[in-house]
Amino acid sequence: MLPNTPAPLPVEVMTRGQLARRERLTRAVVDLVAESGPDHFQMKDVAERSGVALGTAYRYFASKDHLLAVAMSEWQRRLTDRMLAEFDKPGSRAAEPLPVVERMLNYTAREIRGFQRHAHFAELMVRIYTSTDPFASEAMRDISRNNSAVMERLLADVPAGPRGIARNAIEAVLMHALTTWVTDRCTIAEVFERVQATVRYVLSPAAVAFDGGTDDDRDVVWRTAADSAAPPADPASGSLSGPDDVAPADPDLA
């Protein structure tokens, strides 16, 4: 953030021209991330690529992290909107009446394969997830809300109590696994394995059936769930099934 930079102009008060320039900036960021990752360019490079003056860029975005987070949020929202539309489209894979575990395995496999194919966007997700920029944090909350909308549809058959636990556990394990993969502390096969194991664990019949009780009751149920969960498939064997990979890039540029 530049010294003494005022708060960025709220989207709600932008003119049509300002919104167009803002979109050019976010699209330029997507291009630059796809080419070299989020750490190998500066705000001036975004300004040059977009044709928007650097000073104007800072009127719309308080920092590079803010711009990165908004670009990721807006890209992800378009994918989320497309995914949600698939739920209501007869004949689509998302609309198939599959068991909840299989639905979630398909969805998470699709997401991980997309990050595997476009690792720079996994780096971007990890960077903005750990950013302390307050404006980037607001964009991350938008990403979380978008993710939750899809997860709620996938977990619609699960009672409210276990549904929240399952959603939080799956999202947390996926984010942690991506972080360790991006930082070369695990393989992509381990990412698949950890997320699949978590999905089977938290969505096993014993876990899903639990919707109350004491802490001791919960401990018994979740230990039973672990015992009853099927072992995860070998991600290297190609046995993961699901919809076509979602490439983490701007849908119009993929």
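Here are legends for a few close-up views of this predicted model.

Local features need pLDDT of at least 70 and side-chain atom pairs count only at pLDDT 80 or more, while totals for chains, interfaces and linings use all residues. Residues are numbered from 1 along each chain as its sequence is written, and side-chain values use heavy atoms, with hydrogens and water left out.

**View 1. The overall fold is built from helices.** The protein has eleven helices and zero strands, where helices (H or I, at least four residues) and strands (E, at least two) are DSSP runs numbered from the N terminus. Of the 254 residues, 46% are buried (buried: under 20% relative accessible area, exposed: over 50%, partly exposed: in between, with a 1.4 Å probe and protein chains only). Among contacts with a separation of 6 or more, 73% join residues 24 or more positions apart; a contact means heavy atoms within 4.5 Å.

**View 2. W75 and F121 form an aromatic pair.** A search of the whole structure turns up one such pair. Rings of Phe, Tyr and Trp (its six-membered ring) pair if their centres lie within 6.5 Å, and planes under 30 degrees apart count as stacked, over 60 as edge-to-face and the rest as tilted. Why is the pair of W75 and F121 called tilted? The ring centres are 6.3 Å apart and the planes stand at 35°, so the pair is tilted. W75 belongs to helix α4 (residues 64-87) and F121 to helix α6 (residues 119-129), 46 residues apart. W75 is buried at 5% relative accessibility, and F121 is buried at 3%.

**View 3. Helix α6 has a buried side-chain set.** Its buried residues are F121, A122, L124, M125, V126 and I128. Their cover includes α1 (16-36), α4, α5 (100-117), α7 and α8 (160-182).

**View 4. T26 sits in helix α1.** T26 counts as buried, at 5% relative accessibility. Leaving aside residues up to four places away in sequence, T26 touches F61, L67, V70, A71 and E74.

**View 5. K64 meets the ring of F41.** The charged end of K64 sits over this ring, 4.4 Å from its centre (the criterion: NZ of Lys or CZ of Arg within 6 Å of the ring centre and within 35 degrees of the ring normal).
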